Amino acid sequence: MKYYFCDELNNVLSCFHDRIMSCCTGQIGPVYYEGYRGEKIDWDKFREVKIKGFEMLNERDIDTSPCKNCFFLRERKDDDVISEKFNLINVSHWTQCNCGCIYCARMLDSKGAITTKIQKSSYYDFLPLLKELYKQNLLDRENLTAFIQGGDISVLKEFDSIIKEFLKQGVKDFFILSNNIKYQPNIKKLLDMGNTRFITSLDCGTRELYKKIKRVDKFDDMVNNLKKYAKSRHPEKVHVKYIIIEHINDNKKDIESFINLMTEIGIKTVEFMIDNKYLLFTDLDKNPMPAHYKDLYLYFEKLCKENNLNINLWDKTRYVINKYFLDIV
Ligand SMILES: C[S@@+](CC[C@H](N)C(=O)[O-])C[C@H]1O[C@@H](n2cnc3c(N)ncnc32)[C@H](O)[C@@H]1O
Ligand code: SF4
Ligand code: SF4
């Protein structure tokens, strides 16, 4: 019988506002805890979830597994070892945010609210959970990565304490996402230390388009903060995304103004991203992406080469670009 394996299931713990689960891929893989609100966790039951998740990764059971058809599944190798511990923790337990990107799925949960007040998550506090994971010996402290998402860190009261606690737990790498409206001295410090990737989505190069996409007038703050982070010891670790949004910024002129701005600010790494509407929620074999997206990607790539900018692509984006734009299987 054929057996499958998933490195996400083995390594990742995603602490979302509505569930604690295996991966962060858009597919609802095995769920450790549904609707967590800070109550006491039955850790035996919790541990069972990963074991059961793996038990279903075979030819016979895969059709009834939540992992069915997932892009991250691969064939199991002899040296694959299932670990009880997690080495990547996704922190995404709040939805409050100080802007309102038109493409953001979180806007459904936060009902479109834009908040500027620093506050606790309306779901649960993450710090006690992190400390408990440590007590339960579920953290692979030799290889730990923290991926902090949101909502936005700018309005999360726990943000600095989470960073402090993760450093105490020996985190090797941080990935921190933010809309970058607020400057964070801790991020500058972490960037200087060299173990942090800071990722933000700008998606435009002008104030007018920014306002249309983000629904707040904070383009200048974003640009000024980027300038400060770009002066850190590791500017290449500041990643700025351009998410292609249909009928909004899906044209060469806007891509050009984005790339020009990045060069002017001193950004070294940009990310090309396709809206999750296509990347995650459309069967592209049946409903293809707009035909001009391929041209836009090639144009983006060309401008990056001309301006000496690195392009970073996330696994799923790379896969979609290879398959649908470049015919690489
Ligand atoms: C929910 S956000 C939270 C972090 C932070 N507020 C931010 O925007 O960077 C997580 C990431 O998903 C990206 N994202 C949100 N909606 C998306 C969409 N429809 N398509 C592609 N990426 C999206 C954001 O740009 C961000 O990088
Ligand atoms: S196979 Fe896919 S859905 Fe299942 S845990 Fe892995 S990434 Fe998540
Ligand atoms: S900044 Fe992040 S959380 Fe806020 S609306 Fe935009 S994508 Fe969503």
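Start by selecting ligand 3 and the residues around it: Cys97, Cys99, Gly100, Cys101, Cys104, Arg106, Gly150, Gly151, Asp152 and Asn179. A residue counts as near a molecule or strand if its C-beta atom, placed from the backbone, lies within 6 Å of it. By class this shell has four nonpolar, four polar and two charged residues. Nonpolar here covers Ala, Val, Leu, Ile, Met, Phe, Trp, Tyr, Cys and Pro; Asp, Glu, Lys and Arg are charged; the others, Gly among them, are polar.

The model is predicted: local features need pLDDT of at least 70 and side-chain atom pairs count only at pLDDT 80 or more, while totals for chains, interfaces and linings use all residues. Residues are numbered from 1 along each chain as its sequence is written, and chains are lettered from A and ligands numbered from 1 in the order in which they are written.

Next, select ligand 2. Its shell holds 13 residues, of which Cys6, Cys23, Gly29, Cys67 and Cys70 come nearest. Eight residues of this shell are nonpolar, four polar and one charged.

Now colour the protein by domain: domain 1 is 1-177 and domain 2 is 201-329, with bounds from an automatic or database domain assignment. Their centres, taken over C-alpha atoms, are 26 Å apart. Eight residues from domain 1 and twelve residues from domain 2 make the contact, where two residues touch if their C-beta atoms, placed from the backbone, lie within 7 Å. On the domain 1 side, six of these residues are nonpolar, two are polar and none is charged.

Move to ligand 1. Both domain 1 (1-177) and domain 2 (201-329) give residues to the shell around ligand 1, so ligand 1 lies between them. There are 19 residues around ligand 1, and Tyr103, Asp152, Leu177, Ser201 and Asn276 come nearest. The shell divides into eight nonpolar, seven polar and four charged residues.

Finish with the largest nonpolar core, which has 73 residues. Such a core is a set of buried Ala, Val, Leu, Ile, Met, Phe, Trp, Tyr and Cys residues joined through C-beta atoms within 7 Å; buried means 20 or more other C-beta atoms within 10 Å of the residue's own, all placed from the backbone. Ile148 and Tyr242 have the most contacts inside this core. Leaving aside neighbours within four places in sequence, Ile148 is in contact with Val91, Ile153, Ile162, Phe174, Ile176 and Leu177.

Note on methods
Buried ≥ 20, exposed ≤ 12 C-beta atoms within 10 Å, placed from the backbone.
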